[in-house]
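Good morning, and thank you for the time.

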Amino acid sequence: MKQFFYAIILFCVFTTQLSAAGKPAHISRDTSLYAKPFKDSQILASLPINTNLSIIKRKGGWYQVSTADNTGWVRLVAVRLGQVRSADGDSSTGDALELLSGLATGREKSSEVTTASAVKGLGEEELRNATPDTDALDELDEFAADEQAGQEAAEQAGLKPVDIALPEAKKKDKATPPASPNTDTDNGEDE
Amino acid sequence: MKRLVLSLFLLVSCQTVTAFDLGGFSGILSGGSDDDPDSSGVDIGQIISGARDISRTITGIDEEDEIEIGRDAAAVLLGASKPVDDPELQRYVNRIGRWVVSQTDRPHLPWRFAVLESTHVNAFATPGGYIFITYGLLERLNSEAELAAVLAHEAAHVIRKHHINAMSSFSTSGLSGIIKLASQTRDARDNQIATELVNQVKDIYLRGLDKDDEFEADQIGTIIAARAGYDPYGLMAVLQSLDSIHPQSSSLALLYKTHPPAADRLIKLEPTLDQFNDDILAQPQVEKRFIRQISGK
């Protein structure tokens, strides 16, 4: 019995390490697997929606991923973190999909959905009941940075400012309806 | 040619005077008459307050008002969650934040940044330049580019005055009512924030901003972070992380009540990223320094 118990623990440790090797993710719209992180590079395979894969690293707008058969690059926008499985075998219906693993980062706690009481501070209730804290506000001055400190932090990390125009302020009444989540599957790659 | 310039100048001046006549200028003339109708002497205080009135007439609000309202709003948020007791971490976030906002068109605001103890996943901005990120969100980030992107998204709300606009449209007394409440707070002997203002602040932060303001802040925030030299995909990566958290997670409750779904935001943000050239796309994520600073906690 004891040995069985140890075997389970060993299995858990092993699988945890496996999942740490690459971030689990899936394809959120039909796309292609590329040889290199460029749209004009060789296409290795087509990746239909809900293909599970593992993220190796990110380079700009691309993820290097490994699928069951291949390793290559996919557009970041076609990937969602976490893996999916179809509850009834029909992978075309989004509702039937269940997030197998919602691991956004290695630090995430898988039990968080059930531990509501562990989440504290600045939720709806706390904000509703808040009494203004002007002392805490004044204490912020102690840690403030001036422009020079910001400049130095940038230089240390080799960050160089780039001249990109900021867009003009939008007219308040020029509201565009938000894109429907259902329309993003048919325009995976607009080449 | 000279004549054309002169007539243009005259035309512009006339329009300016007309604009003043609509409210601000008459505000100056009637400014002191409530207290002392017979007074004809010059009062510097009245002139200054008259000048502020003009500024308010043109822009709706002057910067001093904006900062006052922002301080009050920040005090309310701090009443719900305290800053993390880690001076090193707070200084780091302030330095990065300060660098990021130096790339906006309002670098001179009294910007303050803080990491709050809250384990909810969220970030907040108040008018005039107070920006808060919860520890719950910070610990999910993977690089300084992602931190910079979150701070830049919040800074975009500040520079575009999204909260001021929302407060003035939801408040029954309008913008002038809020300005009045904030000035009451400033003049109060015990520094106590007017209860009505506290309630209006809570209302806005519980209700959230207009969806389009959030999409705009994503777009501008991404551009600000890119201007600051960071990998422009920082905000995309953060939104992807949010999108992967179980939507029923209580840590996301307020964020999702007040923001469009992360999946919608990702789709809206795509065209902004398509405009960047290869040099910008190759900008650094700055992971090492970020991990070092965060793990110091």
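Let me start with Asp274(B), which forms a salt bridge with Arg75(A), the closest N and O atoms being 3.8 Å apart. By salt bridge I mean a side-chain nitrogen of Lys or Arg within 4 Å of a carboxyl oxygen of Asp or Glu.

Before going further, some conventions. This is a predicted model, in which local features need pLDDT of at least 70 and side-chain atom pairs count only at pLDDT 80 or more, while totals for chains, interfaces and linings use all residues. Residues are numbered from 1 along each chain as its sequence is written, chains are lettered from A and ligands numbered from 1 in the order in which they are written, and side-chain values use heavy atoms, with hydrogens and water left out.

Returning to Arg75(A), its place is in strand S6 (residues 71-75) of chain A. Helices (H or I, at least four residues) and strands (E, at least two) are DSSP runs, numbered from the N terminus. At 8% relative accessibility, Arg75(A) counts as buried; buried means under 20% relative accessible area, exposed over 50%, and partly exposed in between, with a 1.4 Å probe and protein chains only. The C-alpha atoms of Arg75(A) and Ile55(A) are separated by 12 Å, and these residues are 20 apart along the chain.

I turn now to the interface as a whole. How many salt bridges does the rule find across the interface of chain B and chain A? The rule finds nine. There are also 24 residue pairs in polar contact between chain B and chain A, both residues being at pLDDT 80 or more. A polar contact is a pair of N or O atoms within 3.5 Å; within protein, one must be able to donate a hydrogen and the other to accept it, and residues adjacent in sequence count only if both atoms are side-chain atoms. On the side of chain B that touches chain A, helix H11 (residues 211-227) of chain B gives the most, with 11 residues.

The contact, meaning heavy atoms within 4.5 Å, takes 91 residues from chain B and 77 residues from chain A. About 7200 Å² is buried between chain B and chain A, and carbon and sulfur atoms give 59% of that area.

Next, the two chains individually. Chain A has four helices and nine strands, and along the sequence its pattern reads α-β-β-β-β-β-β-β-β-β-α-α-α. Of its 191 residues, 34% count as buried. Chain B has 16 helices and three strands, and 58% of its 297 residues count as buried. Among contacts in chain B between residues at least 6 apart in sequence, 70% join residues at least 24 apart.

His153(B) is buried, with a relative accessible area of 4%. Which side chains does the side chain of His153(B) meet in polar contact? One is that of His157(B), at 3.1 Å, and another is that of Asp218(B), at 2.8 Å. Leaving aside neighbours within four places in sequence, the residues in contact with His153(B) include Glu214(B), Leu235(B) and Arg265(B).

Finally, the aromatic rings. A search of the whole structure finds three aromatic pairs over all chains. Rings of Phe, Tyr and Trp (its six-membered ring) pair if their centres lie within 6.5 Å; planes under 30 degrees apart count as stacked, over 60 as edge-to-face and the rest as tilted. Trp111(B) and Phe113(B) are stacked, at 6.4 Å centre to centre with 10 degrees between the planes, and both residues are buried. The rings of Phe124(B) and Tyr205(B) have their centres 6.4 Å apart and their planes at 55 degrees, so that pair is tilted. Phe124(B) lies in strand S2 (residues 123-126) of chain B and Tyr205(B) in helix H10 (residues 195-207) of chain B, so the pair ties together parts that are 81 residues apart in sequence.

Conventions:
Buried area is the accessible area (1.4 Å probe) that two parts lose on being put together, summed over both.
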